[in-house]
Amino acid sequence: MAGVSVQAFRRQGRRYGAGLVCSEMVSCAGLEHRNERTLGYLRVASDEHPLAIQIFGSDPAVMAEAARMVVAAGADIVDINFGCPVKKVTKTGAGATLLDDPARAGAIVAAVAHAVPVPVSVKMRRGLEDGSRACLEIGPRLVEAGAASLTLHPRSARQMYRGEADHRLTAEFVERVGVPVIASGDITSRARAQEVLAGTSAAAVMVGRGAQGNPWALREIVDAEAGEPSREEVAAELILFVRETVRELGERRAAGFLKKFYGWYLGRGRFPRPFKQELVGLTTTEEVVTRLFAAAPGAAVIVEQLEAELPDLTGEILLDSMPISIYGGG
Ligand SMILES: Cc1cc2nc3c(=O)[nH]c(=O)nc-3n(C[C@H](O)[C@H](O)[C@H](O)COP(=O)(O)O)c2cc1C
């Protein structure tokens with residue numbers, strides 16, 4: 001997810017049971033021009049594999065070159081974005097627009113699949129307009145072109161995130177395409193994951209917004225016995241997330257980037273609302289961490305344990321130049 005799936009988020013997802021994590025979408029034009037900020041997205045940590053890196057663009061040759069770069073950076077899968085509904089992206093002929101141009105979409109997949117030795121997957125929406133069934137036509141063409149798996153988010157581009165993901169369409173899509181399908185959209189719990197898997201015969205589910213500030217949703221989906229986290233666990237996980245994000249982005253970027261996460265972690269009745277407002281109002285992440293320890297003293301021992309279990313990534317990931325994403329969507 002653009003503006004969310006930083007390395008700390010992906011690594012946390014892996015710790016909580018995600019079988020595969022994905023980067024946010026990376027501009028192939030940015031990679032082509034060796035844009036320093038775009039290159040920042042390609043830093044991969046040792047404890048996040050298997051990792052898909054997602055690229056977006058509209059030119060098959062440029063996408064192929066971008067795919068080679070992301071594989072060189074360590075991606076285990078190259079994912080192609082045919083789902084982003086945001087104007088900034090669609091007006092360049094990339095993202096969801098390609099659902100309306102099957103020939104070009106197929107040419108992109110073929111060029112990318114030809115360029116790299118790893119599996120190539122595609123993430124797509126149902127189509128551009130509400131009620132569209134374009135995915136059913138284009139899906140098989142993408143498989144023919146070389147896509148090894150497809151992820152469907154069954155909303156239209158026009159819908160953005162409104163309404164519900166219509167997984168009845170996912171079921172039809174699975175029947176049609178003959179490769180593993182990952183179902184994306186409104187999966188927030190074990191019950192919903194099971195319902196969608198059973199109702200669609202999809203190979204897997206993808207969890208997006210449901211994991212924001214809530215890695216415990218992932219744990220619950222993979223482990224029936226998993227319970228709700230305690231306040232101390234929540235505070236500890238947030239403290240770790242703050243520290244890891246600061247290491248990635250540097251204090252200046254991280255301080256702003258993290259603000260939306262405070263509400264995500266502390267909501268769901270876990271902490272009183274004014275506490276969240278208080279954290280958002282603090283200037284430095286150090287102050288945030290101090291305040292969290294004060295509110296949940298038992299978090300200290302948990303943070304210590306969590307940090308002891310992390311691999312030493314010294315020298316591996318310093319993302320000072322990494323941008324806060326300006327795109328936002330799929
Ligand atoms: C803030 C935000 C950023 C997103 N960025 C991407 C992206 O970069 N690439 C992509 O394929 N999908 C992106 N998506 C779409 C999600 O992958 C997912 O398909 C969608 O949110 C529905 O799933 P959910 O209900 O589990 O969130 C984004 C969604 C959100 C909310």
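**Close-up 1. The side chains of S121 and D79 meet in a polar contact.** In this predicted model, the two side chains come together at 2.7 Å. S121 sits in strand β4, which spans residues 120-127. Is S121 buried or exposed? With a relative accessibility of 8%, S121 counts as buried, because the limit for buried is under 20%. Apart from residues up to four places away in sequence, S121 touches I77, V78, D79, I80 and S149.

**Close-up 2. The ligand sits among 16 residues.** Which residues come nearest to the ligand? They are A2, Q54, S184, D186 and R209. The shell around the ligand is made up of five nonpolar, eight polar and three charged residues. Have a look at the oxygen atoms of the ligand, where several polar atoms of the protein can be picked out. An N or O atom in the side chain of R209 is 2.8 Å from an oxygen atom of the ligand. For G208 it is a polar backbone atom that lies 2.9 Å from a ligand oxygen. H153 takes part through its side chain, with a polar atom 3.5 Å from an oxygen atom of the ligand. On its own the ligand would expose 610 Å², and the protein buries 90% of that area.

**Close-up 3. Helix α10 packs against helix α11.** Helix α10 covers residues 215-222, and its buried residues are P215, W216, A217, L218 and I221. Among these, L218 and I221 are both buried. As a reminder for reading helices, an α-helix has 3.6 residues a turn, so residues three or four places apart point the same way. The axes of α10 and α11 are 11 Å apart, and the two helices pack at an angle of about 115°. On the α10 side the contact is made by P215, W216 and R219, and on the α11 side by E233, V234 and E237. Sorted by type, the residues of this contact are three nonpolar, no polar and three charged.

**Close-up 4. I239 is a buried residue of helix α11.** The relative accessible area of I239 is 0%. Which residues are in contact with I239, leaving aside neighbours within four places in sequence? They are V289, L292, F293, A299 and V303. For one of them, L292, the C-alpha atom is 7.4 Å from that of I239, although the two residues are 53 apart in sequence.

**Close-up 5. E244 is also found in helix α11.** E244 is charged by type, and with a relative accessible area of 12% it is buried. Its contacts, apart from neighbours within four places in sequence, are A8, R11 and L310.

**Close-up 6. D166 lies in a loop between a strand and a helix.** The loop runs between β5 (149-156) and α8 (167-177). How accessible is D166? Its relative accessibility is 18%, so D166 counts as buried, the limit being under 20%. Not counting residues up to four places away in sequence, D166 touches R126 and P154.

Conventions. Residues numbered from 1 in each chain as written. Predicted model: local features only at pLDDT ≥ 70, side-chain atom pairs only at ≥ 80, totals over all residues. Heavy atoms only, no water. Near = heavy atom within 4 Å. Polar contact = N/O pair within 3.5 Å; in protein donor to acceptor, adjacent residues only side chain to side chain. Areas by Shrake-Rupley, 256 points an atom, 1.4 Å probe, with all protein chains shown as cover. Buried < 20%, exposed > 50% of the residue type's maximum accessible area, 1.4 Å probe, protein only. Helix = DSSP H or I, 4+ residues; strand = E, 2+ residues; numbered from the N terminus. Axes fitted to C-alpha atoms, helices over the stretch in contact; angles between N-to-C directions. Contact = heavy atoms within 4.5 Å.
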